[in-house]
Amino acid sequence: MKIIVTGGAGFIGGNFVYYELENHPEDEIICLDKLTYAGNMETLSKAMENPKFKFVKGDIADREFVYQLFESEKPDIIVNFAAESHVDRSIENPEIFLKTNVMGTQVLMDACRKYGISRYHQVSTDEVYGDLPLDRPDLFFTEDTPIHTSSPYSASKASADLLVLAYYRTYKLPVSITRCSNNYGPYHFPEKLIPLIISKALDDQPLPVYGKGENVRDWLYVEDHCAAIDLVMRKGKVGEVYNVGGHNEKTNLEVVKTILKQLDKPESLITYVTDRPGHDMRYAIDPTKIHRELGWLPKTKFDDGIKQTIDWYLNNKEWWQNILSGDYQNYYQKMYGNRISNAKQ
Ligand code: NAD
Ligand code: TYD
C-alpha cells in the first residue's frame, strides 16, 4: 500500500508518519507538505532515514503539482492533515484558511477522482460542531450534531467536510472523515495552549490564559488519534464520519495548573489576558460510534499523557527552541503584546 500523508511535517501528521512506519512497515509513506511556519523538517528527521519514507515539498492547492505527484506515485490512500490549524491566526487572516483548507481539499479529491484511489481520508475537527454550554455537562457532540461553526478556522474545516461528503454522494469517491477533539503530545507547535504553557513556564514567563480560563477542551493524546485515523482509513465505512475523543474534559485553568505542578513552577505566572473573540466555551466528543464499529478506545490517560508530553519537551528543547528563535517571536509580539499589557491579573 502506498499512502500519501499531507501535512506530515506538522504536529499530528508527523506523529502519524511515525505511527504508520512502526505499525505498518510493509507500507510506503509519502509526506506532501508545503512547510509553512507550522511545518518542520526536524520533526521528520528520523523518518527520513527509513527507506519506506519519502518527503515531497509542495502545496495541496497547487493542482498541476498535485496531479503530477499522483501520476508518478499512483498512491492507494490519501490522508489529508494539511491545513492552517490555529484559530487565533484565522481570526487575523482568514484567507489562507480558505485556500488551503477548502481549495486544497478540493484539489486533492479531484486528483483522487482523476487517478483513482482506494480511500481519501479527511482529518477534521470537533470544532465544526461549534460549542456546548458549560452548564449542560450531559451534552456531547455526536456525528449527527449539526454543523455550527464559530471561527474562520472551524468554518473552513466544516466547508471542507461538506465538500468531502458531496464528492462521496455525487462522484462515489471512497471517502471517510474523522472529527477529533484537541490533541496534545510530542511535536506540538508552541503557539497552541499546552506546548505554549510548557515552554513559557520553563522560562518563568507570564502564561497567557484567555478570559477566565474556564473554557473546556476534551484532550486526547496524539497517538490515540493516530490509531483512530489508521483504523478508519483502513476499515471504516466509506462515506462515514467518525468522532474521536476520550472523555477527557478539562478547563484551560486546570490544564495550566497541572503543567505548573509538574514543573514545580508557581501559579503566580498565570496571567489572565483579553479573551479570544467568539471563543468556544466547551467541546466534548461522544466517541460511541468508532468504539462500537471499529473497537477503538484511547489508551493514554490525561495524567500519564501530560507527563510524557512534558518529559518530551524537557528532552527535546532544541526542537522547540529553534522554533521560538525564528519568525514565531514576531507573531507572539503581535498577538500577545497588547493582550498582556491589558492583562487583568
Ligand atoms: P499543524 O499546523 O501542526 O500542521 C499542519 C501541517 O500542514 C504543517 O506541516 C504545514 O506545513 C502543512 N501545510 C499547511 N498548508 C499546506 C498546504 N497548502 N499544502 C501542504 N501542506 C500544508 O496542524 P495539526 O495540529 O497537526 O493538525 C493537523 C490536522 O488535524 C488539521 O487538518 C487540523 O484541522 C486537524 N485537527 C487538529 C487538532 C489539534 O488539536 N491540533 C484536533 C483535531 C483535528
Ligand atoms: P488552542 O490550543 O489554540 O486550541 P483550540 O482553540 O483549537 O481549542 O487553545 C486551547 C484553549 O486554550 C482555547 O480555549 C484557547 C485557550 N488558550 C489560552 O487561554 N491561551 C493561549 O495562549 C492559547 C494559545 C490558547
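Before I turn to the model, let me say that a pocket here is an open set of points, on a 1 Å grid over the protein atoms alone, with protein on both sides within 12 Å along at least five of seven lines, whereas a cavity is a set of points where a 1.4 Å probe fits but cannot get out, and lining residues have an atom within 4 Å of a point. Grid points are joined across faces, edges and corners, and a volume is the space filled by probe spheres set on the points.

What you see above is a predicted model, in which local features need pLDDT of at least 70 and side-chain atom pairs count only at pLDDT 80 or more, while totals for chains, interfaces and linings use all residues. Residues are numbered from 1 along each chain as its sequence is written, chains are lettered from A and ligands numbered from 1 in the order in which they are written, and side-chain values use heavy atoms, with hydrogens and water left out.

Let me begin with the largest pocket, which has a volume of about 490 Å³ and is lined by 21 residues, with Asn15, Tyr19, Glu22, Asn23 and Glu223 lying nearest its centre. Two elements, α1 (11-23) and α7 (222-235), each give two or more residues to this lining, and α7 provides the largest share, seven residues; helices such as these are DSSP runs (H or I, at least four residues), numbered from the N terminus. By class, the lining of the largest pocket has twelve nonpolar, four polar and five charged residues, where Ala, Val, Leu, Ile, Met, Phe, Trp, Tyr, Cys and Pro count as nonpolar, Asp, Glu, Lys and Arg as charged, and the others, Gly among them, as polar.

A search of the whole structure also finds two cavities of 30 Å³ or more. The second largest cavity, with a volume of about 50 Å³, has among its lining residues Glu127, Arg217, Arg276 and Asp280, and its lining comprises three nonpolar, four polar and four charged residues.

I come now to the helices. Two packed helices are described by the angle between their axes and the distance between the axes. The axes, which are lines fitted to C-alpha atoms over the stretch in contact, with angles from 0 to 180 degrees between N-to-C directions, come within 10 Å for α6 (residues 193-202) and α8 (residues 252-263) and cross at roughly 40 degrees. These two helices are therefore oblique to each other, given that angles under 35 degrees count as roughly parallel, over 145 as roughly antiparallel, 65 to 115 as roughly perpendicular and the rest as oblique. Their contact (heavy atoms within 4.5 Å) includes Ile194, Ile197 and Ile198 of α6, together with Val255, Val256 and Ile259 of α8, and it has eleven nonpolar, one polar and no charged residues.

How do α8 and α10 lie? The axes of α8 and α10 (residues 302-315) come within 11 Å and cross at roughly 60 degrees, and these helices are therefore oblique to each other. Among the residues that meet here are Thr258 and Gln262 in α8 and Phe302 and Lys307 in α10, and the contact has seven nonpolar, two polar and one charged residues.

Finally, the axes of α6 and α10 come within 11 Å and cross at roughly 55 degrees, which makes α6 oblique to α10. Ile194, Pro195, Ile198 and Leu202 of α6 make this contact with Ile306, Thr309, Ile310, Tyr313 and Leu314 of α10, and by class there are eight nonpolar, one polar and no charged residues.
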